Amino acid sequence: MGHMVNFQRPDGKSVQGYLAESARPNNPPAVVVIQEWWGLNAQICGVADRLAAAGYQALVPDLYRGKATVQAEEASHLMTGLDFGDAASQDIRGAVQFLKELAPKVGLTGFCMGGALTLLSVAETPELDAAVVWYGCPPLEHLDASKIRIPLMGHWGTQDESFTIDLVDELQEKLTAAGVDYDFYRYLARHGFANETAVGPGRIPTTQYDPVWAQQAWDRTLRFFGRHLG
């Protein structure tokens, strides 16, 4: 459904991304999608395709510059090598600005590592209109919640060992203190519960796809974007 495009970061550098275009006419709203630590792979492109089928233009910036993996050790290495501040303020903001030329409103969503980057990016990207976080959070000392001025939704697993529910509690306290408009939902699920590839013996033991909770979270996400992006 989609194809690769080039877009400019605020600093002028060029980045590639996967763009899934909607058949909906008249410049439909758009969403930037942020990858898990695996890279720009078929699964995250499928998320963009899903949003396009729901009526949104969707762009996945290639944060790893063409690299992707199915091995946890290599994924950890790639993530460790990523400059999160640069990715949030340059790659992701550039993707939002690119879509803002095509759409009246632009949202942001990300999963795992992409969820953490989503939270960092909403504080760095004034062009955004709404954001949805999926089971990912940066170190809270790096999050300036006072800069978050858009509606925020979050999906969290109560059995998540990567981003524990205690961390989510602390995040909520910080967001509440800053007056952020947010809705968080908790599911009896493990990390990566919306990733349909987190199944079988090859999955990371701390992850587990749950189709029931994933569908409920997606229903909530699409209603949220429908309300705030149109």
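Modeller: Let's start with the largest pocket: 29 residues line it, and Glu36, Trp37, Trp38, Ile204 and Thr207 lie nearest its centre. Among the elements, α2 (72-80) and α4 (113-122) each give two or more residues to that lining. Keep in mind that this is a predicted model, where local features need pLDDT of at least 70 and side-chain atom pairs pLDDT 80 or more, while totals for chains, interfaces and linings use all residues. Residues are numbered from 1 along each chain, and side-chain values use heavy atoms, without hydrogens or water.

Colleague: What counts as a pocket?

Modeller: On a 1 Å grid over the protein atoms alone, a pocket is an open set of points where a 1.4 Å probe fits, with protein on both sides within 12 Å along at least five of seven lines; lining residues have an atom within 4 Å of a point.

Colleague: How do I read a pair of aromatic rings?

Modeller: You give the distance of the centres and the angle of the planes. Rings of Phe, Tyr and Trp (its six-membered ring) pair if their centres lie within 6.5 Å; planes under 30 degrees apart are stacked, over 60 edge-to-face, and the rest tilted. Here there are 14 aromatic pairs in the whole structure. In one of them, the ring centres of tryptophan 134 and tyrosine 135 are 6.3 Å apart with planes at 75 degrees, so this pair is edge-to-face.

Colleague: And how many disulfides are there?

Modeller: A disulfide needs two cysteine sulfur atoms within 2.5 Å, and the search finds 0. For cysteine 112, the nearest cysteine sulfur, in cysteine 137, is 12 Å away.

Key
Helix = DSSP H or I, 4+ residues; strand = E, 2+ residues; numbered from the N terminus.
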